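Visitor: I would like to go through this model term by term. Please set each value against its definition.

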Amino acid sequence: MTLQYITNQQGDRIGVLLDLDTYQRLTTFSGTDPDLLTGLTHEELQALAESVLAPAAQAQLSDLLNRNAENQLSSEEIEALDRLLAQVDALNILKTRAKYTLQQLPEVA
């Protein structure tokens, strides 16, 4: 990748010149892929990709799963388990989308 900066008389970077391949990857990246998470920094995407369920929710989920295996849940607890499992599914989808977006990011130094 060829990357050149345009500077003003004070030496401040005011523009950038990219080789055609890099430009095409950047403009293609901003396309219409609905799975890309746009508007997030690399650091934000990385944090999202590595996120986990909150410790209290994880403890509750483990407890409910163990008790569910023994058929010891009330109807309210079954609803709570279903909500937690839905949260885990949603979190896993977001993590996967963040990882996918990171893989699609052009390598710009």
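Guide: Among contacts (heavy atoms within 4.5 Å) between residues at least 6 apart in sequence, 55% join residues at least 24 apart. This is a predicted model, in which local features need pLDDT of at least 70 and side-chain atom pairs count only at pLDDT 80 or more, while totals for chains, interfaces and linings use all residues. Residues are numbered from 1 along each chain as its sequence is written, and side-chain values use heavy atoms, with hydrogens and water left out.

Visitor: What makes up the pattern of the protein along the sequence?

Guide: The order is β-β-α-α-α-α, from four helices and two strands. Helices (H or I, at least four residues) and strands (E, at least two) are DSSP runs, numbered from the N terminus.

Visitor: Why are α2 and α4 called oblique to each other?

Guide: Helix α2, residues 42-49, packs against α4 at an angle of about 140°, with the axes 8 Å apart. Axes are lines fitted to C-alpha atoms, for helices over the stretch in contact, and angles run from 0 to 180 degrees between N-to-C directions. Angles under 35 degrees count as roughly parallel, over 145 as roughly antiparallel, 65 to 115 as roughly perpendicular and the rest as oblique. The pair is therefore oblique.

Visitor: Which residues of α2 and α4 meet?

Guide: H42, L45, Q46, L48 and A49 in α2 meet L94, K95, A98, K99, T101 and L102 in α4. By class, this contact has six nonpolar, three polar and two charged residues. Ala, Val, Leu, Ile, Met, Phe, Trp, Tyr, Cys and Pro count as nonpolar, Asp, Glu, Lys and Arg as charged, and the others, Gly among them, as polar.

Visitor: Why is H42 called partly exposed?

Guide: Buried means under 20% relative accessible area and exposed over 50%, with partly exposed in between (1.4 Å probe, protein chains only). H42 has 44% relative accessibility, so H42 counts as partly exposed. Not counting residues up to four places away in sequence, H42 touches L102 and L105. The C-alpha atoms of H42 and L105 are 8.7 Å apart, across 63 residues of sequence.

Visitor: What makes up the largest nonpolar core?

Guide: A nonpolar core is a set of buried Ala, Val, Leu, Ile, Met, Phe, Trp, Tyr and Cys residues joined through side-chain atoms within 4.5 Å. The largest has eight residues: L53, A57, L61, L64, L73, A80, L81 and L84. Helices α3 (55-69) and α4 (75-104) each supply at least two residues of this core. Apart from it lies another core of five residues, including L45, A49, A98 and L102.
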